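The following exercises are each followed by a worked solution. Please study the sequence and the structure before reading on.

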Amino acid sequence: MAVLEPTPTGLAALADEGSLAPRGVFGVSLAFLRRQPVGALGIFLVLLFGLAGVFANWIAPYNPTANDFAAMTEAPSWAHWLGTDQLGRDLLSRILFGARTAFVVGMTSAFVGGVSGLVLGVGSAYFGGYVDLWLQRLLDIVMSFPLIIMALAVVSIFGTGVQNVIIAITIPLIPRCSRVVRSSALAIREVPYVDAARALGYGHMRIILRHMVPNVMGPFLVIITAFVGQAILTEAALSYLGLGVQEPVPAWGLMLQGGAEEYATTAPWIAIFPGLAIMLTVFGINLFGDSLRDVLDPKLRDR
Amino acid sequence: MYRYIINRVLLVFPTLLGAATLVFVLMRLIPGDICLVRLGSGGESFTTAALASCHAEIGIDRPWIVQYLSYIWGLARFDFGISMWSGKPVVTEIATRFPISLEVAVMATVIAVAIAIPLGTISALKQNSWIDLLVRTFSIAGLATPAFWLGIVSILLVLDITQAISGVPWMPPIDYVPLWRDPIRNLSIVMLPAITIGYRYCAVSMRMTRSAMLEVLREDYIRTARAKGLINRLIINRHALKNALLPVVTVIGIEFAFLIGGLVVTEQVFNLNGIGRLMVLSVQNQDYTLTQALVMLVVTIAVVSTLVVDLLYAWLDPRIRLA
Amino acid sequence: MALARAGAAALGAILLAAAPAVAAETPKHGGTLTYLIPADAPPTLDAHRETTYATIHATAPYYSVLIRVNPDNPSSTTDFVCDLCTQMPQPTDGGKTYTFKIRDGVKFTNGDALSAADVADSWNAIIFPPKGVLSPRSSNFEMVDRVETPDPNTVVFHLKFATQAFLPALADPYGYIYDKKILDKDPHWYEKNVMGSGPFKMTDYEVGQSITGVRNPDYYHKGQPYLDKIVGIFAPKQATRVDAIRSGRGQIEFRGLPPASRDELKKDLGDKIAVQESDWNCGSVVTINHAKKPFDDVRVRRALTLAIDRWGGAPALSKIADVRTVGSIIFPASPLAPSKQELQEVAGFWPDINKSREEAKRLLKEAGAENLSFELLNRDVDQPYKYVAIWLVDQWSKIGVHVTQKVMPSGPWIATERAGNFTVVLQANCHSVVNPLIDVQPYLSSSVSKQNYGNYEDPKEQSLYDAALHETDPAKQKQDMFQFAKYVMDTEAHKLMILWWYRIVPYRAEVKGWKISPSHYINQDLSNIWLDK
């Protein structure tokens with residue numbers, strides 16, 4: 001579906017810079033907000049939708065799955081702020097609960113995909129040799145395999161539903177993360193102190209965890225942030241093709257599926273609001289990711 | 001260098017073999033088969049005898065290992081078999097649909113690059129100005145918009161706007177004609193899908209151009225040129241742009257190979273009879289031979305593009321070139 | 001028979017009244033009809049082999065058939081007329097022999113003359129397919145013993161036993177007549193090629209794109225076809241079809257669009273759009289797998305049907321989905337269908353839904369299945385499967401039953417059904433020509449009906465059906481059918497009849513001559529369509 005911009009030079013260069021100086025989480029956050037107003041906007045959007053999803057039970061005015069045949073396709077009004085869909089379900093409530101689905105799917109996929117990619121990428125870079133060779137071939141296969149066929153097959157075999165959607169989305173993320181992490185890790189591996197550490201008898205795990213992982217944290221964090229946005233978009237596309245989450249679970253992509261096009265002229269709000277929700281959320285995630293990258297990559301920092 | 005090239009090229013084959021095996025197994029794990037789809041989706045009843053004769057005709061009653069070996073052997077001879085759904089050679093099925101997908105992809109690239117490179121450059125030159133901010137917002141929005149939603153909205157906008165202006169709603173033609181037969185009609189069909197895919201593509205390329213230009217502009221030799229008093233425009237055209245272009249071209253190349261993903265959804269939205277739609281169909285119909293061939297096509301394109309990029313970078317890296 | 005005819009005529013009159021007044025106008029000649037085919041390219045173009053309407057919509061204009069449903073009265077269940085024959089025959093020999101005389105002077109578009117041999121050969125290919133040739137409908141013709149041609153103008157069908165079900169089966173829209181010379185050489189030729197004796201001649205087929213034809217100057221129904229040219233465009237996506245009709249890129253689609261699309265087109269184009277609507281010979285049915293506990297207990301099954309408020313839900317659902325009519329398992333507009341009063345005696349159709357749901361809860365309690373929860377297997381199709389399923393889940397929740405959906409694409413869905421890996425599945429019981437005696441066969445015991453995935457055997461049900469099938473008095477037959485239907489829906493609740501589908505066809509008003517019917521498979525040769533431009 002989509003590919004991150006690789007910026008091979010930028011990200012690889014990150015590896016040279018070493019880890020972030022420890023300043024405490026709070027200090028770092030405050031500094032970040034002050035220097036990156038755009039990133040702050042991003043965080044604000046993400047938090048807006050994220051918290052909406054978390055607190056949906058309390059904020060949502062209606063039950064998102066309750067059909068109300070007396071109120072089908074109503075325009076936005078005081079009773080229903082964003083209108084209702086063709087089954088009379090309140091759109092605002094569905095979007096709020098949809099945020100929950102989006103973030104659950106997005107963050108799970110990004111986390112699982114990212115961590116797997118991290119493990120495989122670092123392991124591949126560290127051990128080198130045949131491990132690296134065959135692992136990379138395996139990941140090449142997965143990466144070049146068309147996502148749509150993979151998703152169709154997963155859904156046809158296991159059925160639809162949130163878990164299977166997450167599986168279908170996570171699989172292509174793993175090789176992408178692994179590739180980036182690996183190229184950063186490779187740069188570190190050449191550094192003499194790794195050999196020195198081995199000579200001193202330090203175990204593999206210790207070297208990996210202490211030296212390699214912290215140094216690939218930069219690109220890793222950037223990529224994992226981008227993954228969340230990508231996962232949300234992929235979920236939307238899969239739901240549009242009918243391969244994603246199923247009714248009556250509220251999910252933004254699903255809301256754009258059948259009803260949206262059918263009612264596009266008579267009830268455009270059914271299509272517009274979920275689309276906007278997706279756009280704003282991913283927009284916020286991207287803004288945040290961009291600022292994160294700017295912070296972590298001193299070369300691109302403003303002078 | 002030669003050793004590197006040979007090694008790198010040889011590595012392509014296990015990847016291809018692996019992908020071929022993966023699709024073979026994956027397809028056969030899906031419950032049911034093409035005969036069920038063919039006989040059963042009408043809702044009428046069919047006898048077990050009809051099912052069995054269908055199986056025998058297509059050849060899916062043979063043991064898996066036999067099917068696998070004949071498939072791999074076919075691949076080696078570039079014989080991609082017959083589509084199980086229509087009985088026509090797979091190559092014919094793909095060839096009829098390839099031109100339109102290719103045309104959309106190429107148009108999308110042209111649009112994307114034509115906008116991305118100039119805008120990205122300007123954005124980098126005027127970093128943090130309002131132009132920069134505008135361009136960055138535009139490109140981040142492009143990354144955030146679901147392509148199919150954009151497609152739906154664009155069709156509707158065109159219908160509504162034309163209806164508002166002229167009273168008659170206009171929609172691009174839905175039956176495809178090739179470019180040489182009727183260029184205007186062809187372009188009107190391809191334009192909206194190309195823009196829909198192109199937007200995202202443009203966004204990625206724009207960001208890449210911007211960051212690559214920014215990096216190059218900070219290089220010492222640029223500062224030297226400035227110190228020497230060279231005119232800005234000369235610096236940009238002669239030095240900066242050339243060097244910035246390499247990562248940009250790389251990204252454009254790799255993204256093109258992965259454009260297939262975007263094509264799938266876009267072809268659904270715009271009812272285009274292309275490769276993306278064929279992929280969805282072939283999996284839904286459980287047409288093993290066709291799906292296998294399509295996957296191999298996409299995988300080969302992806303693998304070859306990454307190969308070319310890797311070789312290019314290797315050639316540029318003197319450590320490897322001179323080895 | 002007379003009762004049936006009267007019923008059919010009345011039905012025809014009602015439906016004609018709903019359609020735009022056409023009778024007084026004289027057809028104009030000329031013009032190109034662009035129609036949309038709501039599917040991707042069919043696997044082959046050979047109607048003898050395929051079961052999808054895509055094949056029919058794409059190729060029916062190019063072929064002739066022996067007999068067909070009257071194109072001017074397509075909603076009738078008994079009005080069959082000749083296409084290639086000269087006169088509808090009366091059966092002889094105790095109802096076991098049907099003799100058809102074939103018209104003179106019919107030619108295939110490749111120049112070959114059409115004779116009885118072509119007709120007999122084509123039907124033999126359907127009824128008695130040779131080895132290696134697929135014929136999914138051969139089981140509909142079990143009553144046929146042999147097909148003969150005593151002379152070049154006569155075809156005789158010899159049946160094993162007399163039955164009312166033969167003529168409707170023979171009017172099968174898939175019964176194209178092929179050229180014997182070609183069939184003899186290559187029985188698979190028609191899979192990839194189109195060549196017939198129909199109103200149009202095919203000129204161009206672009207796979208997955210469009211199929212084009214021009215009028216056949218040698219067509220034997222003089223004066224027809226009115227159109228000069230037809231173009232069928234494959235457009236599987238509903239939104240594309242609606243937009244196409246809206247913008248004039250396409251003029252009509254012959255399957256059916258949901259109510260919202262009709263409303264949208266009406267709102268945008270007003271007078272430029274005409275709409276025809278009809279009951280559809282398709283019903284949403286819930287099949288319960290009797291092999292899974294506790295669904296072997298009839299009380300649980302009856303509870304499920306009692307919970308559904310059909311009368312109350314249908315009006316609302318009909319606004320968003322392709323469903324409308326509340327009816328029994330017999331096609332509601334058929335003369336054999338029960339009246340509303342009779343229907344309201346059946347469980348699930350009681351007028352008082354609260355009383356119905358109380359009874360349902362009581363039954364569940366008695367069966368010890370109070371906190372019942374199960375998975376509903378559904379097909380990945382919007383109209384109306386998904387909407388009906390969402391509604392059903394809601395209805396069952398009203399008696400405390402918790403249901404989740406498992407949605408699968410068509411292929412795996414069929415496979416899972418056949419394998420019995422489901423508890424409850426939402427299906428559709430769809431047929432082409434309305435023939436209730438045959439159409440209810442999916443409700444018979446699993447050993448009898450291969451289409452029944454419910455895993456149950458019921459000899460009493462079988463005897464009720466046989467009584468109705470062999471009854472000759474129409475009034476008594478109607479009562480017998482109702483007994484059978486009540487037994488299936490209420491007493492044993494083997495399957496739950498949910499709602500009958502509704503066909504809505506909005507199209508550009510200049511298209512005239514086409515009349516809607518309960519089946520989207522029939523009346524597709526486009527010979528009587530003309531453009532008022």
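**Exercise 1.** Which residues in helix 3 of chain A are buried?

*Solution.* This is a predicted model, in which local features need pLDDT of at least 70, side-chain atom pairs count only at pLDDT 80 or more, and totals for chains, interfaces and linings use all residues. Residues are numbered from 1 along each chain as its sequence is written, while chains are lettered from A and ligands numbered from 1 in the order in which they are written. Helices (H or I, at least four residues) and strands (E, at least two) are DSSP runs, numbered from the N terminus. A residue is buried if 20 or more other C-beta atoms lie within 10 Å of its own, with C-beta atoms placed from the backbone. In helix 3 of chain A, the buried residues are A:Gly39, A:Gly42, A:Ile43, A:Val46, A:Phe49, A:Gly50, A:Ala52 and A:Gly53.

**Exercise 2.** State how many residues each chain gives to the contact between chains A and B.

*Solution.* Two residues are in contact if their C-beta atoms, placed from the backbone, lie within 7 Å. Chain A gives 44 residues and chain B gives 48 residues. On the side of chain A, helix 13 supplies the largest share, 8 residues.

**Exercise 3.** Describe how strands 5 and 6 of chain C are joined.

*Solution.* Two strands pair if DSSP finds at least two bridges between them. Strand 5 (residues 144-151) and strand 6 (residues 154-159) of chain C run antiparallel and are joined by 5 bridges. A hairpin of 2 residues links these strands of chain C, and C:Asp151 stands opposite C:Thr154 in strand 6.

Definitions and conventions:
A residue is buried if 20 or more other C-beta atoms lie within 10 Å of its own, exposed if 12 or fewer, and partly exposed in between; C-beta atoms are placed from the backbone.
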